[in-house]
Amino acid sequence: MLADEHPDVGDEGRAIVRYEPLGIVLGVMPWNFPLWQVLRAAVPVLAAGNAFVLKHADNVQGSAFALEALIARTSAPPGLLTNLNCYRAAHVGKK
């Protein structure tokens with residue numbers, strides 16, 4: 001699917017359509033289906049040669065760390081899937 005295309009341009013010369021990775025893709029995920037939602041987004045991103053930065057919901061950070069650890073155990077480059085551990089301060093300023 002990502003192979004170069006060589007469209008027919010007639011006598012005008014030649015053309016190449018090339019699909020290249022975007023670089024880093026950010027995925028902000030909800031709490032429900034914490035593994036499925038991430039895999040559904042990350043697999044095509046990774047297959048296309050991009051890195052995936054995951055910002056998961058606060059209450060399912062364990063799933064996010066598990067996926068990050070799973071990818072790290074493979075021969076993939078370091079940081080290919082990275083979890084942003086950003087907790088909200090829900091009670092700041094409340095008494």
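Asparagine 50 is buried: its relative accessibility is 6%, and the cut-off for buried is under 20%. Keep in mind that this is a predicted model. Asparagine 50 sits in the loop between H1 and S2.

What does its side chain do? A polar atom of the asparagine 50 side chain lies 2.5 Å from the backbone nitrogen of leucine 22. Set aside neighbours within four places in sequence. Asparagine 50 then contacts Pro21, Leu22, Gly23, Val25, Val45 and Leu80.

Now the other loop residue. Phenylalanine 33 is in the loop between strand S1, residues 24-28, and H1. Buried or exposed? Phenylalanine 33 is exposed, at 56% relative accessible area. The cut-off there is over 50%. One distance for this residue.

On to helix H2. H2 covers residues 61-72, so 12 residues. At 1.5 Å a residue, the helix should span 16 Å. The C-alpha atoms at its ends are 16 Å apart, so expectation and model agree.

Which residues of H2 are buried? Gln61, Ser63, Ala64 and Leu67. Look down the axis of H2: the buried residues fall within an arc of 160 degrees, so they line one face of the helix. An α-helix has 3.6 residues a turn, so residues three or four places apart point the same way.

What does that buried set pack against? Helix H1, residues 36-47, plus strand S2, residues 51-55, and strand S3, residues 81-83. On the other side of H2, Gly62 and Ala72 are exposed.

Technical notes. Residues are numbered from 1 along each chain as its sequence is written. This is a predicted model: local features need pLDDT of at least 70, side-chain atom pairs count only at pLDDT 80 or more; totals for chains, interfaces and linings use all residues. Side-chain values use heavy atoms; hydrogens and water are left out. Helices (H or I, at least four residues) and strands (E, at least two) are DSSP runs, numbered from the N terminus. The expected span of a helix is 1.5 Å times one less than its number of residues. Buried means under 20% relative accessible area, exposed over 50%, partly exposed in between (1.4 Å probe, protein chains only). The arc is that of the directions from the helix axis to the C-beta atoms. Contact means heavy atoms within 4.5 Å. A polar contact is a pair of N or O atoms within 3.5 Å; within protein, one must be able to donate a hydrogen and the other to accept it, and residues adjacent in sequence count only if both atoms are side-chain atoms.
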